[in-house]
Every structure is written in structure tokens, then in C-alpha cells.
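Have the sequence and the model open side by side as you read.

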Amino acid sequence: MEIKVVKDILDANERMAQRNRKLFDGNNLFAVDLMSSPGAGKTSLILQTLKNLEGKIKMGVIEGDVSSSLDAEAIGKEGIPVVQINTGGGCHLDANMLSTALDSVPLGELQLLFIENVGNLICPAEFSLGEHRRVLISSIPEGDDKPFKYPLMFHTVDAVLINKIDLLPYLKFDIDAFSRAVRGMNQKVEIFPISCTTGEGIEQWVSWLLSQMKRPG
Amino acid sequence: MHELSITQSMLNLVLEEAEKAKANKVGKINLVIGGMTGVVGECVRFYFDLLSKGTPADGAALAIKAVSTQAKCRDCGKLFEVREFDWTCPRCSGNNIEVVAGKELFVESIEVE
């Protein structure tokens, strides 16, 4: 007997993501899924954003890593709530892993939650976590061809940050060509060239983030 | 690597459907996988054999329909297949591209006994 199913394979993840989303909304908490390849600057961006919003916004962080708690320790030094998820070899966070970690986060005390995904441009693109916005960091040393190599990731994000622009004098990266490629694939995307080292562009990124928090949608 | 969790999700979905139909055995699973998902069919097969052991889906045939990434140029309207990560319109060389197909990742149907 044949049974018509026509159900998305990630349906279970999607349902769990919606539960996470309800939990965020119930606590008036804005959640950002932060993705990039390894070393593009996710933790540095969180630290820069924290510095910029200190005393204005109550922020928490969930750190996703294959192993170690180095990033969580770096952020914990800043005195904000941080929870580490070790995926034990897994290449991405999924909604269920996040849901478990959320039990340890003081959701009601926070306004903004960064979820630092595992450094990877492929798998995290598939798995919704229940976040309000998806943000991708690309960095100058990675080269300007990444939108063509990892199209799904570039298709699914709300903002792309081009980090390490302080290295532009030394490396070949065509910001215009990169931005054209990203906008061609994703018409709603916002692009911010930044440097977490010099602080350039962080103001613009933070003001976009604050504007999005006002209308989580 | 995400094939492991994707295969587990797929298997859970199939077993759920089979149980709803009060079936004892799943003979065949028809899957659809789009080119943009980056999901490798051979990996899914490998994990499926491991994960399905001892379940009603043990030994089921996996039929995978691969959907190529299809795009439409927003500037000139040309429909084309994206090959080798070339996201340039073959007619006008533009980069203003809309994805028409390739994001699929679903179980189309199953055959049960």
C-alpha cells in the first residue's frame, strides 16, 4: 500500500523551533541566530555588540561549539549570562538542542539573546531554531566567492556582516561584487561592512539590530 | 555531516506515518532532495542502513529523486539550471537571480505492508 506523505523532513525541527519562538515572544526576548564559517568573528562581534549596548540592553548568549567552552569563558568574563552547548561532533545546532539550553537561560531578565551557531556555512542553514533574525558573518580572508559556494546560507539570512575590513589593504576582496552577488540571491538582505578590531561599522550594525528589535515580526 | 540528523528526522517521520497506517513493514521510501540543500543522497543511504536496523523500516528501498537547482533571472526572465555554482544568467550575464527549485527536502510517499 502506498501512503502519500509529502512532509518536510525537518518538520519535527520546525515544530520545536516554533515552540522556542513562542518562549522568546512570551518573554519579550529578541533572538538572533549568528552563523559563519570558523574564525569569521562571531564571538568578537558579540563582544563588540555587548560593549556598544552596555547599560542599554540586557543581553545573553548561547554558545554552540563542537567542543570546548573557550568562547563561553570569553563572554562570561563580561558578566552576562552565557550557556555553552557542546554538540559532541555535530556540525550545527538544532531547535531541540537549543530548547534544552534555554532551560538554563534567565529568559525573563533579558531583552536580546545571541545564539552563536557552530562555525559552518552549510548545515546551520537548514535548521531553524526559532530565532527572530538570522545573521551571517563573512570575513575578508574567506574571499568574495562564498555566496556562490554556499547559496542556501546566503538565501536564508536577514543580514550579512562583512567582517575584518581592516584587512582590505592586504587581501583581495571585492566588496561591490560580493554585495551584488548576495543581493542578487536575497533581495531583503542588509549588508554591513565592519571590523571588530577597529570598531568600524559597528554603530550601523547595532542601530539596525535595535530597529529590528522594535519590530520582531 | 548534517545527513545524520536529517536521516534520523526522515526515519522518525516515516515510522510515524507507518504507525498511523498500522503497517508492520515499510518496503519503500520516496524522497525528494533539492540541489541547494547540500544533502548527499549516498550519505543518507549510508546512515539510513545504520539507523533503521531493528525498526519496521529496516531493509526498505530508498528512492531518491534529485531536483536540480533552477533559477530565473529577474532582469531578463530567463529560466536556467544552476550548474557548478554559476549564479550568472546565461542570457544577460546578470546576477539578479531568483531560485525557482532546489530547496526541496521532503518525503513524498512510502510503501507499506
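**A helix and its neighbours**

The buried residues of H1(B) pack against S1 and helix H1 (11–26) of chain A, and also against S1, H2 and S6 of chain B. Before going further, note that this is a predicted model, in which local features need pLDDT of at least 70, side-chain atom pairs count only at pLDDT 80 or more, and totals for chains, interfaces and linings use all residues. Residues are numbered from 1 along each chain as its sequence is written, while chains are lettered from A and ligands numbered from 1 in the order in which they are written. The H and S labels come from DSSP runs, numbered from the N terminus: helices are H or I with at least four residues, strands are E with at least two.

Which residues of H1(B) are buried? They are Glu3(B), Ser5(B), Ile6(B), Thr7(B), Ser9(B), Met10(B), Leu11(B), Leu13(B), Val14(B), Glu17(B) and Ala18(B). Buried here means that 20 or more other C-beta atoms lie within 10 Å of the residue's own (12 or fewer makes it exposed, anything in between partly exposed), with C-beta atoms placed from the backbone. An α-helix has 3.6 residues a turn, so residues three or four places apart point the same way. After H1(B) comes Lys22(B), with a positive phi near 55 degrees.

Now look at the strands of chain B. S1(B) (residues 26–34) pairs with S6(B) (residues 105–112) in the antiparallel sense over seven bridges; two strands pair if DSSP finds at least two bridges between them. S1(B) also runs parallel to S2(B) (residues 61–67), joined by seven bridges. Together, S1(B), helix H2(B) (residues 41–51) and S2(B) form a right-handed β-α-β unit: with the strands pointing away from you, the path from the first strand over the helix to the second runs clockwise.

S6(B) also takes us across to the other chain. It pairs with S1(A) (residues 2–8) in the antiparallel sense over five bridges, and there Lys4(A) has Ser109(B) as its bridge partner. Overall, 27 residues of chain B are in contact with 28 residues of chain A, contact meaning C-beta atoms, placed from the backbone, within 7 Å. On the chain B side, the elements giving two or more residues are H1 (3–20), S5 (97–101) and S6. The largest share, eight residues, comes from S6(B).

What about chain A itself? Chain A has eight helices and eight strands, and 47% of its 217 residues count as buried. Its C-alpha trace spans about 60 × 45 × 35 Å along the principal axes. Of the contacts in chain A between residues at least 6 apart in sequence, 75% join residues at least 24 apart.

For a closer look, find Ala125(A) in the loop between strand S5 (112–116) and strand S6 (133–139) of chain A. Ala125(A) counts as buried because it has 25 C-beta neighbours inside 10 Å. Leaving out residues up to four places away in sequence, Ala125(A) touches Leu152(A), Met153(A) and Thr156(A).

Note on methods: Contact = placed C-beta atoms within 7 Å.
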